[in-house]
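My notes follow in the order in which I looked.

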Amino acid sequence: MKVQGRHYTTIWVNEDGRSVDIIDQRWLPHEFRIVTLASLEDFATAIRDMWVRGAPLIGVTAAYGMAWQMTADPSDAALDEAWERLHETRPTAINLRWALDAMRGHLKALPEADRAEAAYARAREIAAEDIEINRAIGRNGLALIREAAARKKPGEPVNILTHCNAGWLATVDYGTATAPIYLAAEEGVPVHVYVDETRPRNQGAQLTAWELVGHGVPHTLIVDNAGGHLMQRGNIDMVIVGTDRTTANGDVCNKIGTYLKALAAADNGVPFYVALPSPTIDWTVSDGIREIPIEERAGDEVSLVWGRTADGAVTQVRTSPEGTPAGNPAFDVTPARLVTGLITERGVVAASREGLSGLYPERS
Ligand code: MRU
């Protein structure tokens with residue numbers, strides 16, 4: 001997508017063919033910074049400390065991290081060590097394990113001398129696949145937005161609520177939940193996005209809002225607690241969120257607070273859609289609530305908030321008393337029964353085992 005008229009993806013390999021640049025998302029929306037990753041530790045830190053984030057982008061970054069490691073040491077032991085080091089960075093998004101398994105499986109079959117080149121080629125393929133998947137999710141979700149637009153008065157926007165950032169910053173390009181929105185806006189279908197702030201890290205306020213400003217998509221920032229009220233008033237036509245891991249039977253794990261939006265949507269008859277790239281399906285898990293590991297992040301993310309002061313400095317301020325402990329579960333699980341449909345690259349299906357296995361028969 002474009003930043004000040006120039007096309008960017010969130011991650012790319014530099015001309016040296018080895019080091020990797022990323023958009024350092026910690027500074028958005030205040031500063032647009034690019035950082036170079038040039039050691040296994042850099043890749044692990046970038047994922048763990050959320051310089052990059054979003055399930056698909058975490059996976060792609062890990063794939064490049066493994067490729068980097070192959071230039072330093074292409075042995076089986078180094079491959080396993082890189083897998084472990086990168087895998088331990090964030091526990092919930094399944095794309096991380098998916099990408100690491102794809103890389104290791106591919107590379108282990110090759111002679112050591114061929115591994116570095118093959119690793120970059122495979123990582124590039126994973127990145128390119130992500131873009132194609134998101135384009136297809138965009139087309140499939142666009143049909144739903146068009147249908148909603150047909151039920152509105154002429155010129156009235158379709159109001160879409162989204163949570164966290166499942167935009168292009170969370171992927172290599174286009175985003176998952178935002179891909180249909182960008183396509184609708186490009187096509188001239190009137191859309192308006194309600195952007196959940198998404199405490200504690202404010203991915204909605206800082207990242208989704210920045211994306212929508214950059215692409216001229218009408219939107220309104222709301223606090224996380226406003227969604228239920230807006231749904232009761234009939235102000236939301238549909239919810240579209242992303243996911244970090246969806247089980248084989250359609251339970252959806254996503255950013256903390258998603259479940260509350262799904263409950264409010266069900267109570268108010270608002271369709272609740274999840275944009276789901278197939279690498280985000282965990283075919284080994286059926287009970288999302290009991291089986292998906294939920295990342296517990298530092299309490300400081302709750303007590304300290306980043307922002308820009310009037311003099312332009314980007315800094316953190318404390319919002320609660322020193323000494324008040326904070327809990328910070330980063331994700332929750334929305335049971336399949338609360339999900340209207342899964343927008344995948346192959347089509348829109350019911351959030352159920354039958355729905356998913358019908359679409360991906362090779363996995364069932
Ligand atoms: O903690 P984050 O910012 O990595 O969480 C991101 C989300 O929860 C997204 O909604 C999810 O990864 C889907 S991104 C296409």
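This is a predicted model: local features need pLDDT of at least 70, side-chain atom pairs count only at pLDDT 80 or more; totals for chains, interfaces and linings use all residues.

I noted a volume of about 410 Å³ for the largest pocket, and a lining of 20 residues, of which R26, R201, Q206, E301 and W306 lie nearest the centre. Sorting that lining by class, I found eight charged, seven nonpolar and five polar residues. I then looked up which elements supply at least two residues each to the lining of the largest pocket, and these include helix 7 (203–214), helix 11 (300–303) and strand 14 (304–308).

Next I turned to the second largest pocket, which holds about 300 Å³ of space and is lined by 15 residues. The elements giving two or more residues to its lining are helix 4 (94–108) and strand 13 (281–282), and helix 4 gives the most, with four residues. I listed W98, S278, I281, W283 and R363 as the lining residues that lie nearest the centre of the second largest pocket. By class, I counted seven charged, six nonpolar and two polar residues in this lining. How many residues does the lining of the second largest pocket draw from each domain? I found at least three from domain 1 and at least three from domain 2.

With both pockets noted, I went on to the domains themselves. The protein chain is divided into domain 1 (2–129) and domain 2 (149–359), and I recorded 24 Å between their C-alpha centres. On the contact list, 33 residues of domain 1 are in contact with 34 residues of domain 2. The area buried between domain 1 and domain 2 comes to about 2800 Å², and carbon and sulfur atoms give 57% of that area. I asked which residues of domain 1 lose the most area to domain 2; they are H30, R53 and T92, which together make up 22% of what the domain 1 side buries.

Last, I looked for salt bridges across the interface of domain 1 and domain 2, where the rule finds two. In a separate entry on individual pairs, I wrote down that R90 forms a salt bridge with E295, with the closest N and O atoms 2.9 Å apart.

Note on methods: Residues are numbered from 1 along each chain as its sequence is written. Side-chain values use heavy atoms; hydrogens and water are left out. On a 1 Å grid over the protein atoms alone, a cavity is a set of points where a 1.4 Å probe fits but cannot get out, and a pocket is an open set with protein on both sides within 12 Å along at least five of seven lines; lining residues have an atom within 4 Å of a point. Grid points are joined across faces, edges and corners, and a volume is the space filled by probe spheres set on the points. Ala, Val, Leu, Ile, Met, Phe, Trp, Tyr, Cys and Pro count as nonpolar, Asp, Glu, Lys and Arg as charged, and the others, Gly among them, as polar. Domain bounds come from an automatic or database domain assignment. Contact means heavy atoms within 4.5 Å. Buried area is the accessible area (1.4 Å probe) that two parts lose on being put together, summed over both. A salt bridge is a side-chain nitrogen of Lys or Arg within 4 Å of a carboxyl oxygen of Asp or Glu.
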